[in-house]
Amino acid sequence: MKHFEFEYGAGTMGADLPDSTDEFIPGITVPDPDYIPEDKLEAAYRESLDHPIGMPTVKELAHKGSKVVFVVPDRVKGGEQPTSHRKLSIKYILKDLYSVGVEKKDILFIISNGLHPRSTDKDALAIFGPELYNQFWPTGQIISHDSEDPDNMVDLGFTKRGDPVWMNRMVFEADLPILIGHVNGNPYGGYSGGYKHSATGITNWKSIASHHVPSVMHRDDFTPVNNGSLMRDKFNEISMHMEEKMGHPFFCCDAVLDSKSRQIAIFSGYAKEMMPESWKVADKRTYVHWAEKKYDVLVFGMPQKFHYGDGMGTNPIMMMQALSAQVLRFKRVMSDHCVIICSSLCNGFFNDKKWPYLRECYEWFQHDQMNQLPDMNRLGEYFATNEEYIRKYRFTNAFHPFHGFSMMSCGHIAEMNTSAIYIVGAEDPGYARGMGLKTRATFEEALEDAKKKYVGENPNILALPLTFKTTSVHLCMKNPADDCMDEYGHRHGGCGCG
């Protein structure tokens with residue numbers, strides 16, 4: 001037997017699995033591409049900013065009197081080290097702006113939290129670092145997007161497809177809007193950064209409800225994750241509609257990151273032309289062609305705190321989203337009858353301050369003919385317009401209530417693509433069972449049950465330690481022809497996906 005330690009609460013839970021078990025850890029099992037050494041970063045930024053793709057440089061676009069707005073991601077992704085992409089890209093772009101006469105008073109930073117919690121001063125300090133924070137926070141020049149502020153949202157009508165487009169007014173009215181993004185593999189419609197950044201980070205729930213919903217997320221072009229889905233098309237269309245109405249494009253500066261949020265490459269310029277070039281580099285790190293067989297059992301652990309915050313690994317609805325995110329990333333290497341075994345404290349901690357609406361959502365799901373998570377979608381507008389939940393989003397750093405519905409839309413994907421999901425080590429297992437999950441005390445008990453009912457006596461098992469603690473990859477078959485779908489949504493057929 002092989003011994004593994006999987007995330008569980010604030011620690012780990014042990015598992016003894018058969019010797020035939022394979023293991024994959026991002027950045028370790030298959031090393032990331034080389035990152036840019038720290039002493040080479042300035043030169044890499046200068047090269048990218050001095051030669052942007054598809055549009056003029058910042059120096060050519062700005063002048064004395066220009067109003068400049070930086071759109072900067074929140075803490076969910078991107079790293080916070082002193083050499084993080086956010087910190088360095090802003091530093092070098094500011095130098096360019098000042099060199100052509102742009103004044104400090106005409107610069108604004110908006111944290112593009114979208115429906116995520118609005119950032120606190122501590123969040124801003126972590127994102128920007130002490131130097132930038134001390135320059136711009138005291139003067140009110142670092143703010144967090146408020147999608148429910150009627151004075152600072154502008155209605156831009158509809159895309160040609162009919163999707164509503166709302167946008168932060170301060171970005172809309174800027175002479176030069178600058179998007180700082182990260183080209184990270186994301187389970188929702190492909191890479192972060194570029195047009196995904198603007199389509200989700202500076203809009204509102206009405207616009208986001210055009211793509212983070214079952215009608216888009218439960219299509220067969222959505223799983224496994226790829227850059228050719230309807231969701232990705234909608235991101236692009238919404239952001240290009242913003243550019244059309246502004247009368248000029250965003251200036252983007254995106255970095256391809258490794259598993260430790262270090263820069264592999266820097267890309268600047270016009271998103272429509274820049275994104276495909278950045279993806280070519282990111283594909284080498286993100287779509288890892290490694291697996292020599294399909295796996296019948298995926299085994300991993302869920303800490304209490306990750307990605308979206310403390311309680312994600314114990315809040316039952318957020319647990320479902322986290323499980324489904326792994327299905328989206330690993331579907332290419334999952335067998336048709338795959339089972340997931342995952343440790344979770346599952347102790348009933350919803351973190352009501354961060355997700356004040358999800359306890360109510362969970363209770364609705366237990367009743368009123370809610371047989372599957374998509375049945376909850378009819379309540380999306382009811383929750384999204386709840387004034388008390390909106391006030392908590394605006395003023396107490398909670399998630400927006402519609403965010404929970406994007407989580408539920410994603411959460412159903414795990415049920416769609418697995419034979420069973422076992423939660424092991426639950427302290428309050430009724431919450432897991434209330435989401436349709438099986439419960440056992442240990443990994444070993446869960447595996448024995450799965451063998452009897454789903455996968456047979458000699459299943460192919462893949463252990464995934466640290467899957468929520470490192471920047472994940474999208475795992476693929478070693479032979480790309482064995483993947484059911486490539487990185488851009490092209491199907492190879494007959495491989496079981498979809």
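In this predicted model, helix H1 (residues 41–50) packs against helix H3 (residues 85–99) at an angle of about 55°, the two axes lying 11 Å apart. Axes are lines fitted to C-alpha atoms, for helices over the stretch in contact, with angles running from 0 to 180 degrees between N-to-C directions, and helices (H or I, at least four residues) and strands (E, at least two) are DSSP runs numbered from the N terminus. H1 and H3 are therefore oblique to each other, given that angles under 35 degrees count as roughly parallel, over 145 as roughly antiparallel, 65 to 115 as roughly perpendicular and the rest as oblique. The crossing of H1 and H3 is right-handed, the near helix being turned clockwise from the far one by less than a right angle. On the H1 side the contact (heavy atoms within 4.5 Å) is made by Leu41, Glu42, Tyr45, Arg46 and Leu49, and on the H3 side by His85, Leu88, Ser89, Tyr92, Ile93, Lys95 and Asp96. These residues divide into six nonpolar, two polar and four charged, where Ala, Val, Leu, Ile, Met, Phe, Trp, Tyr, Cys and Pro count as nonpolar, Asp, Glu, Lys and Arg as charged, and the others, Gly among them, as polar.

H3 also packs with helix H4 (residues 121–136), at an angle of about 30° and with the axes 8 Å apart. Here Arg86, Lys87, Ile90, Leu94 and Tyr98 of H3 meet Ala126, Ile127, Phe128, Gly129, Leu132, Gln135 and Phe136 of H4, a contact with eight nonpolar, two polar and two charged residues.

The axes of helix H6 (residues 194–201) and helix H9 (residues 230–246) come within 8 Å and cross at roughly 75°, which makes H6 roughly perpendicular to H9. Tyr195, Lys196, Ser198, Ala199 and Thr200 of H6 meet a set of H9 residues that includes Arg232, Phe235, Ile238 and Met242; by class, the contact of H6 with H9 comprises six nonpolar, four polar and three charged residues.

Most residues other than glycine have a negative phi, and most peptide bonds are trans. The peptide bond from Thr223 to Pro224, however, is cis, with omega near 0°, and Pro224 lies in the loop between helix H8 (214–217) and H9. Ser261, in the loop between strand S12 (251–257) and strand S13 (263–269), has a positive phi, near 65°.

Overall, the protein chain contains 17 helices and 22 strands, and its C-alpha atoms fill a box of roughly 70 × 50 × 40 Å along the principal axes. UniProt lists residues 29–216 as "domain: LarA-like N-terminal" in an unreviewed entry; over these residues the chain is 34% helix and 18% strand.

Residues are numbered from 1 along each chain as its sequence is written. Local features need pLDDT of at least 70 and side-chain atom pairs count only at pLDDT 80 or more, whereas totals for chains, interfaces and linings use all residues, and side-chain values use heavy atoms, with hydrogens and water left out.

Note on methods: UniProt positions are given in the numbering used here, feature names are shortened, and annotations may be inferred rather than shown by experiment.
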